[in-house]
Amino acid sequence: MTVDQVEDAVTQLPPNTLEQFAQWFEEYLSDQWDKQIEADVLAGRLDAAAQRADDDFQAGRCTPL
């Protein structure tokens, strides 16, 4: 199936089905994001950013939320 075919199918959905699809797709994208972040953490790709955040906190360069 091509992107054009998916787009065509989505545009033909009735409103209630489109809402169900939109909710599912948002959850799907969120799950994919979570999996990517987890993989990045496990691979150490976020270590430098975490270290900078820790350094800034220890140096007092952070403000309360």
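1. Helices here are DSSP runs of H or I with at least four residues, numbered from the N terminus. The model is predicted: local features need pLDDT of at least 70, side-chain atom pairs count only at pLDDT 80 or more, and totals for chains, interfaces and linings use all residues. Residues are numbered from 1 along each chain as its sequence is written, and side-chain values use heavy atoms, with hydrogens and water left out.

2. Helix H3 covers residues 47-58, twelve residues in all, and spans 16 Å from its first C-alpha to its last, close to the 16 Å expected at 1.5 Å a residue. The expected span is 1.5 Å times one less than the number of residues.

3. Helix H2 (residues 15-43) contains 29 residues and reaches 42 Å between its first and last C-alpha, close to the expected 42 Å. Gly-44 follows H2 and has a positive phi, near 85 degrees.

4. The structure holds two salt bridges, a salt bridge being a side-chain nitrogen of Lys or Arg within 4 Å of a carboxyl oxygen of Asp or Glu. Side chains of opposite charge can pair when their charged atoms come close. Asp-40 counts as buried because its relative accessibility is 14%, whereas Arg-45, at 55%, counts as exposed. Buried means under 20% relative accessible area, exposed over 50%, and partly exposed in between (1.4 Å probe, protein chains only).

5. The side chains of Asp-56 and Arg-61 also meet in a salt bridge, at 2.7 Å, N to O. Asp-56 is partly exposed, with a relative accessible area of 30%, and Arg-61 is exposed, with 56%.

6. Glu-26, Glu-27, Asp-31, Asp-34 and Glu-38 gather in a surface patch of negative charge. Patches are made of residues with over 30% relative accessible area and no salt bridge; like charges are joined within 9 Å, and nonpolar side chains (Val, Leu, Ile, Met, Phe, Trp, Tyr) within 5 Å. Asp-34 lies in H2 and counts as partly exposed because its relative accessibility is 45%.

7. Trp-24, Phe-25, Tyr-28 and Leu-29 form a nonpolar patch on the surface, with about 400 Å² of accessible area together. Accessible areas come from the Shrake-Rupley method with a 1.4 Å probe. Phe-25 is found in H2 and, at 35% relative accessibility, counts as partly exposed.

Methods:
Lys and Arg count as positive and Asp and Glu as negative; His and the chain ends are not counted. The place of a charge is taken as NZ of Lys, CZ of Arg, CG of Asp or CD of Glu. Helices (H or I, at least four residues) and strands (E, at least two) are DSSP runs, numbered from the N terminus.
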